[in-house]
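Here are my notes for a colleague meeting this structure for the first time. Please read them with the model open beside you.

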Amino acid sequence: MARADDKRINEVPHGDRLNLSFEGDDVPACAGESVAVALFASGERVLSRSIKYHRPRGFFCLAGHCGACLMRIDGKPNVRACKTPVKEGMRVERQNAFPTGAFDVLGAADFFFPKGMDHHTMMTSPRALNAVLNKVVRQLGGLGKLPDVPASPAELPRPRHKHVDVVVVGGGPAGLGCATETARGGKKTLLVDEQDRVGGSLLAHPQHGVRAANEALAAALKAGVEVLSSSTVLAWYPEDAAVDGGEPGLLAVHTPEGLLKVTASRYVYATGSYDQNAVFVDNDRPGVLPARAVGRLLVRFGVKPAERPVVVGDGPYARALADALARAGAEVTRIDGRDEQIVAAHGHGWVRSVETTRRKKLKCDLVAVAALPAPASELPRQHGVAVAFNDGKGGFHCRVDDDGRANAPHVFACGDVTGFGGIDDAVSAGARCGRAVVASFSANGMGAGARA
Amino acid sequence: MKRGSGEDIQPTQGPPKAKCEIAIIGGGVMGLGIAYQLAKRGIKDVVVLERGYLAQGASGRNGGGVRMQWSTEQNVRLMQQSIELCKSFAQEIGVNVWFRQGGYLFLAKLERERAIMERNVELQNRCGVPTRMMTPEEAGALVPELDIKKIVCACYNPKDGVLFPWPFLWGYAHQALKRGVEVHLFTNVDAITRDGGGFKLTTSKGEVRAKRVINAAGAWSPEVARMLGVELPNKPHRHEILSTEPLKPFLTPMVSVLSSGLYFSQSMRGEIVTGITVEDHAQGIQMGSRLKFLTTLAREMVSLVPRFADLKVLRQWAGPYDVSPDGHPILGEPPGVPGFYLACGFVGHGFMMAPIIAQLYAEWLAGGHKHEVFDRCRLQRFAEGKIEKESMILG
Amino acid sequence: MSNKAIICRCEDVTLSDVQHTISLGYKSIEEVKRYTGLGTGPCEGKECMVHCARMVALANGGDESVVLPFTSRPPVQPVPLAIFARGEEE
C-alpha cells in the first residue's frame, strides 16, 4: 500500500493505514496524520495555486496559521489541509487552478509579470478594455467554490457558556506550565488549545517531542486542569455578555461541538508564536519551509522531510534540527543566515536548488528556514494588552512584567507571545506566571469564583 | 501612481500652507472628491485635512454598494447620475475601482412590505430606472442559493452595482495632488475661528487661513461644526460588517432583505461582504464589532441562504453611518456662518453619492450653477419642518 | 523568469509592491495593508505583518516605536457562519 516515495520513517510507530481520495486517486495515509502531512509523506507536492499569479504552493507552517495549504476537502472550500485529520475515503482536491492543480495555464500570469502587476492602475483606459479587465479579474478572483451541500438546520450546534477562575489560551510549554500551577493553587482552570494534539512547540523540537508534550499534559491533567483541544479562541469580545444581563467581556471559542463562550476571573495568553519565512526571490516555492514545520514532520509525525535539506540559521533550534535530520539519514547543508544568506530559490513544483550570497547553485530538496518566529499577539491586543514592535523579539510582543502581568486588568501573558525565548524560557515563565495568577486572587481579597 | 512612470506623488509632507482659498476638513471620499472636482475647474488653492490615514473613516469601511433604488425622487435622480460617473471613473481618474453592475435584489419577507416595494418601484420607473418587481421564483432564478419559501416578493434593478471603495480615495487624492492641491494625512483640526471674512484653522501641524471651509468629516462632522458654534442634528450609528473567505464568482447581484436590513454581495476578490441591522446602545463613534452582530447575521443568513452555513468568516469590523434625521444629507451653508459649507449626514449612502455631490458642489463653489439639492438639503429644513424621509436604508 | 520575493503569501504581495507603496508616502502598516491588500487574506497577517513592520521601521529611520500593528479583528481564525446561527436555549 505504501508508495515507493513514501517518506514515513519505519522505526517510528504510525497510525492505521487508510486511503484518501486525492482528485480521484487513492493516496495512502495513516490515522493521526493531517491531510497535508499524509499527502507529503505519500509524495504529493503542489497543493494549491496562489490567488493572483497562480504560483504553485505547498504547505508552509503545518500549524494552521498561514494560508498556504487551503484545499477543497469533502466538498468544502478553503479548508486548511494541515488542520484536517485524515479519514478513510476523504475527498481532497486542489483549488484555483485551470485545468488542474498540477498544470495551471493561468500560471502564465507569473511569467508575464515578473516584477509584479499594479492592479490599481493597469488597463484603466480605454473603457472597453477596462470592461474586459473587470470581467476577467472577477472570473479569476477567489479561491474555492461554494460548498457542495447545505448544512441542515437541526445539525447546527448550540452555543454554550463556561465560567472558570482561570482560562489559559494556548497549550504549549508556557500555557501548560501556567495552567498546572494555577490548578495546583486551587483555581478552577481551563486550558484551550487549537491543535488536535496539545504541546505546541514541544511537538516540533527534536530534544523534546511527543514524550515531553505528553508529560506536560499529564501533569496538567493530574493537577485538575480541564483541557480543550482542537478548540480555537476566536476573539475577545469586550461588549458582549455571556449571559443576558451579565458583565460584558467574553472569549469566543470554536470547539468541535460548536461555539463556547468563556468567561473567567483571570485570562492568560500563552499563544506562542507564528513561523516566519525569510525574504528572497521565490521564497514561496513548495519545499521552502519554516524550520519548525520541518521539525513537526520529523518529530511529531515520524516523516523524513528530505534527503538533501538546507537548514538556514545558526541558533539552537537550527542546530538541533540539523542534527536530527542528519540522524534520520539526510545529507544536511547548513547556511548560517548571517554571513551567508539565500538570495533565490529555484525549482517549479518543488525547490531543487538555492542561490546564496556565496554559492551560485546549492542543490537541495528542502529548505528549512529558522527565522525568528513572530509573537502571536492578536488575542491579547484585542483584550487591550499593550504590545511593542521589536525585531529582536520576533515582532509585536506583549508587554508584561516579569510575572506576566499585563496592563489590562486581570490579564496575563507568558511564553513566546511576550517575545520569542524558546521552550526552556517558556516553561519557567509559565510557572512563574501561574504563581502570580494565583497570588492575584488573594491580593484582591476576593474569594474564588468572584469576578473582580 | 504607475510604477516608474515618474507620476508617483506623495501626500503632502510638512505643515499646510499658511493661506488657501478653500480648506476641506475630512479626507474621505467626499472631501477628496470635492477637492478633485474643484481642481479640475481651476480652483487648486485647496488644502485637504485628514486626521488619519486614507480610508480610515467610513470611506474605507463600507461594503461598496451603489444603487438607484431609493424611496425619494431626489435620491433616485442623484444616484442615476452618480452611477454614470462611477462607470467612467477608471478612465478619468486612472485607477481601477472594479465597478460591476450586477444589480441590487431587494427581498420582502412580509406581505405588508409588498405595497411599499411596489410604490418605490413605480417611483423609480418614473425617473427612468429599470427596476422591476419579481416573484420569488424569479428571484430564485437570479440567486439560486436563496430559500425562496422565505420570500413574498422582490424587486431588482440590473443597473445597480458594487465597487471597491479604497481606490477612489487614492485616485481622487492623486489627481488632486497632481493639480497642486495639498492633501495632509494624520493632521487633526483642533479649532476653527472666524477670521475677518474667512476662517482660521488650528491644526496639529500648524495654522491655516482659508476663505472658505468645507465640513466633509462624516461622523465627525458635528464635532467640527461645533467648533464654529453650529449644532448639527446628525448622529453616528455604528454599522457592523464582515467579509468571508474568497470564493470563485457565483453571486451576481447585491441582495438585501427589507425587514432585517441584511445585505450581502460578492466582491471582486470573491469574498462575501455582508452586514445587518443590530440593536446598539453604545454611544459615540464605535469601530469594533460584536459577537451579537455575528450571531444576528448568521441566523438570518443561514435561514435565507442555507448553503452559506459553511462559509467561513475572515474578519468583522464596523464603520459609522453619519445619520441625519430624515435620511438625506445636510448641505450648503448653515445660517449665520457664510463660507462654511456642510457636506455630511449621508447615512449609509455617502460613498455612492460622493461622485455626483462632489461634482455639484465644485460647480457651485466655482461660481457656476447652484443645484437645487443644496437648498433642499439645507440645515434649516429640520427647524422648518420641511422634511421627506428616505426609508430604504440598509445595514 | 519570475523575480518575486513574496511578503504576503495569501494575497501575492511582493517585496517590491511594499517598497513601492512606502515610496508613495504610505509609511504605516495600516496604509500598506490598504494599498496592497497585505494581511487581508486567510492568514490575516500572521505570516506577513512582521515583514511589513520591519520595512516600515526602516522607512521611519529605524524607529521601532512608531510601528503599530493593524487592528486585530475577530475572528482570529476563519470560522463557519454555522457556528453562530443557532440561538442559545437554557
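1. **A term to begin with.** A surface patch here is built from residues with over 30% relative accessible area and no salt bridge, and like charges are joined within 9 Å. Keep in mind that the model is predicted. With that term in hand, look at chain A. A:Arg308, A:Arg352, A:Lys361 and A:Lys363 gather in a patch of positive charge on the surface.

2. Where does A:Arg308 lie? The residue sits in a loop of chain A, between helix H6 (291-300) and strand S16 (309-312). A:Arg308 has a relative accessible area of 37%, so it counts as partly exposed. That value also passes the patch cut-off, which asks for over 30%.

3. **A nonpolar patch.** Chain A has a nonpolar surface patch as well. A:Met123, A:Leu129, A:Val132, A:Val136 and A:Leu140 form it. Together they have about 370 Å² of accessible area. Take A:Leu140 as one of them. Its place is in helix H3 of chain A, residues 127-140. Its relative accessible area is 32%, and A:Leu140 is therefore partly exposed.

4. **Chain A overall.** Chain A holds nine helices and 25 strands. The C-alpha atoms fill a box of roughly 70 × 55 × 45 Å along the principal axes. Of the 452 residues in chain A, 59% are buried.

5. **Chain C overall.** The box around the C-alpha atoms of chain C is roughly 55 × 40 × 20 Å, taken along the principal axes. Even so, 73% of the 90 residues of chain C count as buried.

6. **Salt bridges, and one to inspect.** Over all chains, a search of the whole structure finds 51 salt bridges. One of them joins A:Arg55 and A:Asp282, with the closest N and O atoms 2.8 Å apart. A:Arg55 lies in the loop between strand S3 (48-49) and strand S4 (56-57) of chain A, and A:Asp282 lies in the loop between strand S14 (273-274) and strand S15 (288-290), so the pair ties together parts that are 227 residues apart in sequence. Are these two residues buried or exposed? Both A:Arg55 and A:Asp282 are buried.

7. **The network around that pair.** Do not view the pair alone. A:Arg55 and A:Asp282 belong to a network of salt bridges that also links A:Arg57, A:Asp284, A:Arg285 and C:Asp12.

8. **Two salt bridges in chain B.** B:Lys149 forms a salt bridge with B:Asp147, and their closest N and O atoms are 3.0 Å apart. B:Lys149 counts as exposed because its relative accessibility is 73%. B:Asp147 counts as buried because its relative accessibility is 13%. Now turn to B:Glu384 and B:Arg378. Their side chains meet in a salt bridge, at 2.6 Å from N to O. B:Glu384 is partly exposed, with a relative accessible area of 40%. B:Arg378 is buried, with a relative accessible area of 17%.

9. **A contact in chain B.** B:Met227 has its place in the loop between helix H7 (221-226) and strand S12 (235-244) of chain B. With a relative accessible area of 23%, B:Met227 is partly exposed. B:Met227 and B:Ala191 are 36 residues apart in sequence. In space, they are 5.9 Å apart, C-alpha to C-alpha.

10. **A contact in chain A.** A:Ala345 lies in strand S18 of chain A, residues 342-346. A:Ala345 counts as buried because its relative accessibility is 0%. A:Ala345 and A:Val281 are 64 residues apart in sequence, and in space they are 6.4 Å apart, C-alpha to C-alpha.

Methods:
Residues numbered from 1 in each chain as written. Chains lettered and ligands numbered in written order. Predicted model: local features only at pLDDT ≥ 70, side-chain atom pairs only at ≥ 80, totals over all residues. Heavy atoms only, no water. Patch = residues over 30% accessible without salt bridge, like charges linked within 9 Å, V, L, I, M, F, W, Y side chains within 5 Å. Areas by Shrake-Rupley, 256 points an atom, 1.4 Å probe, with all protein chains shown as cover. Salt bridge = Lys/Arg side-chain N within 4 Å of Asp/Glu carboxyl O. Lys, Arg positive; Asp, Glu negative; His and termini not counted. Charge placed at Lys NZ, Arg CZ, Asp CG, Glu CD. Helix = DSSP H or I, 4+ residues; strand = E, 2+ residues; numbered from the N terminus. Buried < 20%, exposed > 50% of the residue type's maximum accessible area, 1.4 Å probe, protein only.
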